[in-house]
Amino acid sequence: MKDYATIGNGSEYAEYLLEKYYDNNITTDQAIKLATFTISEAQKMDPNAGGKINIIKITNDNTQIIDQKIVENIQNGIDEKLNSIEKILTYYFTYIKKIG
């Protein structure tokens with residue numbers, strides 16, 4: 001049984017990413033980062049998904065809306081890392097093309 005669910009526009013992309021990266025042993029902090037990454041990537045793939053990312057932490061005892069600034073900081077950090085990775089991959093594949 002899964003510990004997560006996806007609904008709405010982009011949910012197919014989110015499901016794909018969660019199947020790859022979700023682990024039952026992640027911390028709440030890691031889960032918030034993974035949720036932010038998953039929603040952000042799903043928005044890039046589905047033109048009908050968009051807007052600001054809202055994350056809500058749900059436990060047996062309560063619910064907590066994660067502050068928008070925290071979500072934005074996480075998203076900015078993820079974007080910076082992905083841009084760095086993209087530059088490395090672009091360089092790598094350009095190099096591979098040159099050497100045949």
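## Ground rules

Since we're looking at a prediction, local features need pLDDT of at least 70 and side-chain atom pairs count only at pLDDT 80 or more, while totals for chains, interfaces and linings use all residues. Residues are numbered from 1 along each chain as its sequence is written, and side-chain values use heavy atoms, with hydrogens and water left out.

## Rings that pair up

Let's start with the rings. There are three aromatic pairs in the structure. For Phe, Tyr and Trp (its six-membered ring), a pair needs ring centres within 6.5 Å; planes under 30 degrees apart are called stacked, over 60 edge-to-face, and the rest tilted. One of the pairs is Y21 with F37, edge-to-face, with 6.1 Å from centre to centre and 75 degrees between the planes. Y21 sits in helix α1 (residues 11-21) and F37 in helix α2 (residues 28-45), so this pair ties together parts that are 16 residues apart in sequence. Helices (H or I, at least four residues) and strands (E, at least two) are DSSP runs, numbered from the N terminus.

How open are these residues? Buried means under 20% relative accessible area, exposed means over 50%, and partly exposed is in between (1.4 Å probe, protein chains only). F37 is buried at 17%, whereas Y21 is partly exposed at 47%. Another edge-to-face pair joins Y92 and F93, at 5.1 Å centre to centre and 70 degrees between the planes. Here Y92 is partly exposed at 43%, and F93 is partly exposed at 48%.

## The nonpolar core

F37 turns up again in the largest nonpolar core, which has twelve residues, among them Y4, L17, L18, I55 and I78. A core like this is a set of buried Ala, Val, Leu, Ile, Met, Phe, Trp, Tyr and Cys residues joined through side-chain atoms within 4.5 Å. Helices α1, α2 and α3 (68-99) are the elements that give two or more residues to this core. In soluble globular proteins, nonpolar side chains tend to be buried together.

Within α1, the buried residues are S11, A14, E15, L17 and L18, and they pack against α2. As for I55, leaving out residues up to four places away in sequence, its contacts (heavy atoms within 4.5 Å) include I32, I39, I66 and V71.

## The largest pocket

On a 1 Å grid over the protein atoms alone, a pocket is an open set of points where a 1.4 Å probe fits, with protein on both sides within 12 Å along at least five of seven lines; lining residues have an atom within 4 Å of a point.

The pocket has 33 lining residues, with A5, A35, I39, I55 and I56 nearest its centre. Elements giving two or more residues to the lining are α1, α2 and β1 (56-58), and α2 gives the most, with nine.

## Two residues to look up

D79 is in helix α3 and is partly exposed at 26%. Neighbours within four places in sequence aside, D79 is in contact with S40 and K44. D79 and E41 are 38 residues apart in sequence and 10.0 Å apart in space, C-alpha to C-alpha.

M45 lies in helix α2 and is exposed at 52%.
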